[in-house]
Amino acid sequence: MIPMTIDVVYKTGVAKLEAAGVMDASMDAWLLFEYVTGMDRTRFFMGKQMEMPEAQKLEYDRLIEKRAERIPVQHLTGMQEFMGLNFKVNEHVLVPRQDTEVLVEEGLKRCRPEMQVLDMCTGSGCIAISIAKLSKAQVTAVDISPDALQVAR
């Protein structure tokens, strides 16, 4: 097997996602590359000609194929940042969206220490956990799905 540089592997991932019609193909390919390699952009640009270890290349290729099938990047990496906190996500919960942060910010403006907050259909728990961490309110999170509750825990 011919060794491949990290630059070629990344560009091949972008091309595969573009061919599959994935919007933001370069961003998604980068997020998956970063996830697999742990490499930041500076290190990437400084070492474009470095050979990519075969195990990492195989994992990256697998994730690119999954993304081409429209599986969300966050489900592939298992993480999503929300309100400056990292949350576990998987196929049992919706991916926390940036516009939902506006809801939390508005809620935080109204929270007082003696308040009790109820988050119905908590999913990943991003709203409940963010409010609990960023205010003094007591927060209860519930969901009908045991799988979603496991993710929130």
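**Salt bridges and a helix crossing**

Colleague: How many salt bridges does the count come to?

Modeller: This is a predicted model, in which local features need pLDDT of at least 70, side-chain atom pairs count only at pLDDT 80 or more, and totals for chains, interfaces and linings use all residues. Residues are numbered from 1 along each chain as its sequence is written, and side-chain values use heavy atoms, with hydrogens and water left out. Taking a salt bridge as a side-chain nitrogen of Lys or Arg within 4 Å of a carboxyl oxygen of Asp or Glu, the count comes to 9.

Colleague: Which residue forms a salt bridge with Arg-62?

Modeller: The two partners lie 3 residues apart in helix H4, which means that about one helical turn separates them (helices are DSSP runs of H or I with at least four residues, numbered from the N terminus). Arg-62 is partly exposed at 42% relative accessible area, where buried means under 20%, exposed over 50% and partly exposed in between, with a 1.4 Å probe and protein chains only. With the closest N and O atoms 2.9 Å apart, the partner is Glu-59.

Colleague: At roughly what angle do the axes of helix H2 and helix H4 cross?

Modeller: Two packed helices are described by the angle between their axes and the distance between the axes. Here an axis is a line fitted to C-alpha atoms over the stretch in contact (heavy atoms within 4.5 Å), and angles run from 0 to 180 degrees between N-to-C directions. The axes of H2 (residues 25-37) and H4 (residues 54-68) come within 10 Å, and they cross at roughly 145°.

Notes: Helix = DSSP H or I, 4+ residues; strand = E, 2+ residues; numbered from the N terminus.
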